[in-house]
Amino acid sequence: MKSKILFLLIAIIAGMILLNVQPLRAQEMTKDQWQSEMNSTTTQVTDLQNQLKKIDDDIKGLKDRSDKLDADVKACNDALLALLGVTQSEFDAFDRDLASMEKRVAELQAMSDAELLNHRAEIDQITKKLADMAKSKIALIPRYGERIKALQEKVAALIKAPSRMDTYTVGTWAKDRDCLWNIAKKKDIYDNAWLWPKIWQGNRDKIKDPDIIKPRWVLKIPEGKELSKAEKSSANTYYHKKAAAPK
Amino acid sequence: MVKNMKSFIAAAVLVGAGMVAGCSSGPSAEQLAQLENMKQQAKSLSSQLQDKQRQKGDLEKQIAAKNGKLQQCQADQDAVKKALGK
C-alpha cells in the first residue's frame, strides 16, 4: 500500500515536471520580452512600409523622367536628322562604315611596308571613300568630322610609308617577264630601268651574271635614286663586255 | 506515516501548481505565432526594399545616360546649325 502511494506520488511529480518544464524550455521568453519584441518588430514593419512607399514614389518619378527624356532625345535626334537631310538608316550606315574603316585602317597600320604595297588599291579606295564621307553633311557633326580627319591622316601616313619594296621575289620570264631591267622599271621598285645595276650589285651573292636571275630568288632592293660610282662602273664593264661579245 | 504521506502529496500538488502558474506568465502559442508572422513580414518587406533600391539605382543610371545623349544631341544640333549658317 505504501509503495503504491509512493509510486503514485512519483508519477504525479514526474507528470507535473514533464507538463510544466517542457513548454518553459521551448518558449524561453516571458510575456514582457514578447511584448517588447512585438513592439520593435511592429515599428520595424511600419518603418519598412513607409520606406517602401517613399521608394515606390521615387521610382514612379524616375520612370516619368526617363520617359520624358526618351521623348526629348527622339525629338532632338529627329530634328538633327532633318537638319542633315538624312534618314536614321542612312545615318546608321554612315556610322557603321566609318567604324569598319577605322578598324581596317588599324589593321593596315600593323602591316609591314611590303605588305602594304599589296593593299595599295584598297588604301586608294579607302582614301576616296573618306573624301566622299568628308563631304557628307554628317561630317558637320564635330565628332564625326574629327574621326574622318583623324582617319584621313592615318591613311595618308600609310600611303607615304611604302614608297618602294625592300625585297623582290623573282617570277618567271614566261609569266612575269622578270629581268633586272624590267624589275628596276617597276613602279614600286625604282620606276627607272637604268637603275638595274643597283639590284645586281646589291645581290652579288646570288647574281653572278646580270643576264641570269632565277625564279623565286628573293632580291634585296637597295635604297637610292641614282647609281653609285661602283654601280656605274660595274654597269659600264657589263655594257663593254656585251658590246665586245661576238654576235 | 499516512499523515506524512498526505503532507507530502499536498506539498507536491502545491509545487506542481506553482510551476503551472509560473508557466502561464509566458506568451501563448498564438502570440508567438503572431510575433513570428510579424518577423516574416519585416523580412519580406526588407527584401522588397532592397529590390526597389536596386531598381531605383538602375533607373538613375539610365537617366544619367539619357541626359548625356540629349546633351550630345543638342550640341551636335548647334554645331550643324552653325556650320550650315542657320
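Start by selecting chain B: of its 86 residues, 6% are buried (20 or more other C-beta atoms within 10 Å of a residue's own, with C-beta atoms placed from the backbone; 12 or fewer is exposed). What you have open is a predicted model, where local features need pLDDT of at least 70 and side-chain atom pairs count only at pLDDT 80 or more, while totals for chains, interfaces and linings use all residues. Residues are numbered from 1 along each chain as its sequence is written, and chains are lettered from A and ligands numbered from 1 in the order written.

Switch to cartoon: chain B shows 2 helices and 0 strands (DSSP runs numbered from the N terminus, H or I of at least four residues for helices, E of at least two for strands).

Next, select residues 31-84 of chain A and 29-84 of chain B. These are α2(A) and α2(B), whose axes come within 6 Å and cross at roughly 20° (lines fitted to C-alpha atoms over the stretch in contact, angles from 0 to 180 degrees between N-to-C directions). That makes the pair roughly parallel, the word for angles under 35 degrees.

Now go to residues 120-135 of chain A. This is α5(A), 16 residues reaching 23 Å from first C-alpha to last, close to the 22 Å expected (1.5 Å times one less than the number of residues). Which of its residues are buried? Colour A:Ile126, A:Leu130 and A:Met133.

Terms used. Angles under 35 degrees count as roughly parallel, over 145 as roughly antiparallel, 65 to 115 as roughly perpendicular and the rest as oblique.
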